[in-house]
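Subject: A structure for you to look at

Hi there,

Here is the structure I promised to pass on to you.

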Amino acid sequence: MNDGTGNVSLSKIKVDELGALDEAKEKFDSKETVKAKITKVVKGGLIVDLGFIKAFMPASYYDVRFIKDFDSLLGKEIECRIVEFDKQKNKIIVSRKILLEEAYKERKAKEKELKEAAIAALEIGKEVEAPIKNITNFGMFIDLNGVDGFIHISDIAWKRVGNINDLYKVGDSVKAIVTELDKDNYKVKLSVKDLTKEPWQEFIENYSVGQTVKATIKNTTNFGAFAEIIPDVEGLIHISQLSHDRVNNVEDAVKTGDEVNVKIIDINKDKRKVSLSIKETMDPPKRKIERNKLYHKEDSNVTLGDIFGDLLKSE
């Protein structure tokens, strides 16, 4: 207060320090998020500048995961919160990790809320449309507003699917129907193929033996050709049913992609097999009569007695 000559010593720095401590106390009490700049790496943590005062951040308070190189963080601006404050000891401790943990909990709570709403809206038999989230060898997952819906490879189409990626890619929108539902565990199973009637069922309801239809040759073998009548339903045209003439090579009669008229000659419902014929749709060829060929010759030397003689004698 007096240096002996009547002078009084003043300090603006002390006032600023006291003001900074008061501001730090206010932000500590309100749990306010503050911006900071990492200025120094020290043993056990980091020194950060809050703009109005410096504070210490322990290494374990920076992130939820392990950080190996803190030197790379120098100069980085971050958000944190004052988690410890002691005015007497001039002690201010900040944490970035606490904000990350709160954000994670908040995000998880929101996700759960969305999942609850999404699962509540689902019922077995309900038709949905959603984007593909992931594709595996055994099926694909679609995003039902936060709930994963699973479509097994066998439920994608009525015909056999070898590689799902040949039909779909991640991000594609898919229509499917809910077939199994476990709301407690957020498990949903769906089917794409169940949106349409099974092709075989459609076939036996609309086609019968004796009917002539158009079909497309899909494959040829050494014993015949397979022709598609409706999508995913094929019938076999045996080599003997390709033509009235003898066929030695199937490819000489039909080729893959040809559209032909065929007659349904057999339907095996148990084995789900259809037999077809091209030959039966055509008129049989007329037999050619060779000129000058002797089919019958009158024999003038033969009498009725020669023919019926034995019968007459018996009487």
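Below is what I found in it, going from the whole chain to single residues.

**The whole chain**

Please keep in mind that this is a predicted model. The chain has five helices and 15 strands. Of its 315 residues, 30% count as buried. The accessible surface of the chain is about 22,100 Å², and carbon and sulfur atoms account for 48% of that. If you take the contacts between residues at least 6 apart in sequence, 56% of them join residues at least 24 apart.

**Strands side by side**

With four residues between them, β4 and β5 make a hairpin, and N90 in its turn has a positive phi of about 55 degrees.

Follow the chain past β5 and you come to R96, in the loop between β5 and α2. Is R96 buried or exposed? R96 has a relative accessible area of 16%, so it is buried, the cut-off being under 20%. Leaving aside neighbours within four places in sequence, the residues in contact with R96 are M57, Y61, Y62, D63, I78, E79 and C80.

Next, the inside. In soluble globular proteins, nonpolar side chains tend to be buried together. The largest nonpolar core in this model has 25 residues, and the members that touch the most others are M140, L144, I151, I156, Y168 and L190. At least two residues of this core come from each of α2 (97-120), β6 (127-135), β7 (139-144), β8 (147-152), β9 (173-182) and β10 (187-191). The largest share, four residues, is supplied by β6.

To see one member up close, click on I151. Not counting residues up to four places away in sequence, I151 touches G139, M140, I142, I156, V174, A176, L190 and V192.

Apart from this core lies another, of 23 residues, which include I239, V250, V254 and I267. I239 is also touched by V247, along with L242 and A253, again not counting residues up to four places away in sequence. V247 lies in the loop between β13 and α4 (250-253). Its relative accessible area is 18%, so V247 is buried. V247 and G224 are 23 residues apart in sequence, while their C-alpha atoms are 9.9 Å apart in space.

**Helix α3**

Which residues of helix α3 (residues 199-206) are buried? They are P199, W200 and F203. These residues cover an arc of only 95 degrees around the axis, so they sit on the same side of α3. Their cover includes β12 (224-230), β13 (233-238), β14 (259-268) and β15 (273-277).

**Aromatic pairs**

Finally, the rings. The count comes to seven aromatic pairs. One of them is F138 with F150: the ring centres are 5.9 Å apart and the planes are at 55 degrees, so the pair is tilted. F138 lies in the loop between β6 and β7 while F150 is in strand β8, so this pair ties together parts that are twelve residues apart in sequence. F138 is partly exposed, with a relative accessible area of 45%, whereas F150, at 18%, counts as buried. Together with F141, F138 and F150 form one aromatic cluster.

W200 and F203 form an aromatic pair too, also tilted, at 5.5 Å centre to centre and with 35 degrees between the planes. Both residues lie in α3, three residues apart, which is about one turn of the helix. W200 and F203 are both buried.

Enjoy exploring, and write back with any questions!

Best wishes

Key. Residues numbered from 1 in each chain as written. Predicted model: local features only at pLDDT ≥ 70, side-chain atom pairs only at ≥ 80, totals over all residues. Heavy atoms only, no water. Core = buried A, V, L, I, M, F, W, Y, C linked by side-chain atoms within 4.5 Å. Buried < 20%, exposed > 50% of the residue type's maximum accessible area, 1.4 Å probe, protein only. Contact = heavy atoms within 4.5 Å. Pairing = 2+ DSSP bridges. Areas by Shrake-Rupley, 256 points an atom, 1.4 Å probe, with all protein chains shown as cover. Arc of directions from axis to C-beta. Phe/Tyr/Trp six-rings, centres within 6.5 Å; stacked < 30°, edge-to-face > 60°.
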